[in-house]
Amino acid sequence: MSEGSKTTWPGVTWVVVTGASRGLGAAICEGVAGMVAAGSRIVGVARSQQGLDTTSSNVHKANPDVKFTSVVMDLGTASKENLEKALDKLLIVGQDPPPTRCVIFHNAGSLGDLVYLRNLKDLDHVNSYFQMNVSSVVMLNAVVIEIMSKQPNVALEIVNISSLCAVQPFKSWGLYCAGKAARDMLFKVLADEEPNILVLNYAPGPLDNEMQEIARRATTDKELRSTFASLKEEGKLLPCNVSANKLLDILKQRKFKSGDHVDYYDV
């Protein structure tokens, strides 16, 4: 953990992390655990119970005074009622001691078919992609904001795990670029609508994770596929914990305007 990430967030903190079973999401959970005070709660949402169990173990090692709770859920098919039922039981209004801060990390996401747009002809796949990567984010925000509105004096922070793809086109990555761009703009709008909520779009840099493995194998565009392969061969991919700790440092330093897009390499 970086030196800056060792400062504890004061008071009880509630944290929700999607895609928490592996990769960056798991690293965020572990990094946060080392920052929050005793009695804080981390809610990890993912499809894999086994992966969440591993994250839970790592969180406990980082801070045994933090409670990690697993929510096994497919955000691509979850309804508003599913989210409310899960979170109402965990983010309990009137809990003693009450939280002073709540932070949501929207990390879950998928690549979609990595083909040229002219070959993207499966409408069901397109619709399910945006349900998972955009619609579920909108709904989760609405549910958590409603819950937090019943908690007095809670600082709410919402982080979107963005990408360079939100601001730069990648050939054969049309769905992924469109999804990330849409999320960035949704969060910018949220920042304008809710001045009392701190909002951040964070691009974590090229991570050494399963998504990169898929990209090197499945990207249709040969030039882009070669670029990903070179990043791996030259050791330029970032460990997930390194990017997670940079994100936590950025949140602590607060040198950004709510709604900004901040890349790993910007600071």
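## Strands and pairing

Helices (DSSP runs of H or I, at least four residues) and strands (DSSP runs of E, at least two) are numbered from the N terminus. Two strands pair if DSSP finds at least two bridges between them.

The structure described here is a predicted model, in which local features need pLDDT of at least 70 and side-chain atom pairs count only at pLDDT 80 or more, while totals for chains, interfaces and linings use all residues. Residues are numbered from 1 along each chain as its sequence is written, and side-chain values use heavy atoms, with hydrogens and water left out.

## The sheet

An open sheet is formed by 7 strands with parallel pairing, in the order β3-β2-β1-β4-β5-β6-β7. Strands β3 (67–72) and β7 (261–263) stand at the edges with a single partner strand each, so one side of each has no neighbour in the sheet. From one strand to the next, the twist averages 20°.

Within this sheet, strand β4 (residues 101–106) runs parallel to strand β5 (residues 155–161), and 6 bridges join the two.

Contact means heavy atoms within 4.5 Å. Axes are lines fitted to C-alpha atoms, for helices over the stretch in contact, and angles run from 0 to 180 degrees between N-to-C directions.

Helix α4 (residues 123–148) lies across β1 (13–18), β4, β5 and β6 (197–203), and runs at about 175° to β4. Helix α8 (residues 240–253) lies across β4, β5, β6 and β7, at about 150° to β6.

## Packing of α4 and α5

Helix α4 also packs with helix α5 (residues 174–193), at an angle of about 20° and with the axes 10 Å apart. The two helices are therefore roughly parallel, a term for angles under 35 degrees. Among the residues that meet are Y129, F130 and V137 in α4, and Y176, A182 and L186 in α5.

## Cysteines

A disulfide is a covalent bond between the sulfur atoms of two cysteines. Here it is identified as a pair of cysteine sulfur atoms within 2.5 Å, and the count by this rule is 0.

Methods
Parallel < 35°, antiparallel > 145°, perpendicular 65-115°, else oblique.
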